[in-house]
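Thank you for making the time this morning. I would like to walk through the salt bridges, so please keep the sequence and the structure in view as I go.

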Amino acid sequence: MFGFRRNRERHGPFVYLSEPTFLYHTRTERAIVEIIREKLDSTNVLVPSKYGLKDTSERIKEAKYFVAVAPLGKFTSLVGREVKMAQELGVEVFTLLIAREEDELVYLWVEGIPEEVEWLSPEETEEFMKTFLNSEFMDYMKNAFLLGSRKRAW
């Protein structure tokens, strides 16, 4: 009505995105959605951050493709649980590995699940998230106020 809320036409197959919660509403999440659009030619993507912390896993069965995000080569316990569900339902799975190379983020699109991906338990996930967030926060505190951080933020 007012033009500030556009409904974009969705096209392509339904894609279920599974990502760690610490990537919600970040530049990395926006980049992931763009990569999915390029690789799978679809704008019909379930982005979990739009649902907050609500469980959306019941929608996996509707998906043609399932994209699991593995920052630093690790599936968090939630992502791992959803990957197993997608496999059991016969949904085609893709993995998006994200790593830091010097000051830039590097994205690697893989069909299926690479053997080297580490599957974390809930306890390991909690520890990984603490370590990950603390290291990113400390870099920001050290550099942003004094020099400006050159690292590309997640």
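**Salt bridges, pair by pair**

Let me begin with R59 and E62, whose side chains meet in a salt bridge at 3.1 Å, N to O, the term being used for a side-chain nitrogen of Lys or Arg within 4 Å of a carboxyl oxygen of Asp or Glu. This is a predicted model, in which local features need pLDDT of at least 70 and side-chain atom pairs count only at pLDDT 80 or more, while totals for chains, interfaces and linings use all residues. Residues are numbered from 1 along each chain as its sequence is written, and side-chain values use heavy atoms, with hydrogens and water left out.

R59 is partly exposed, at 26% relative accessible area, and E62 is partly exposed as well, at 45%; here buried means under 20% relative accessible area, exposed means over 50%, and partly exposed lies in between, with a 1.4 Å probe and protein chains only.

How many salt bridges does a search of the whole structure find? The search finds four.

Another is formed by E34 and R37, with the closest N and O atoms 2.9 Å apart. Both residues lie in helix α1 (residues 27-40), three residues apart, about one turn of the helix, where helices are DSSP runs of H or I of at least four residues, numbered from the N terminus. E34 is partly exposed at 38%, and R37 is partly exposed at 30%.

In helix α3 (residues 122-144), E126 and K130 are four residues apart, which means about one helical turn separates them, and their salt bridge has its closest N and O atoms 3.6 Å apart. E126, at 48%, is partly exposed, as is K130, at 45%.

Notes. Helix = DSSP H or I, 4+ residues; strand = E, 2+ residues; numbered from the N terminus.
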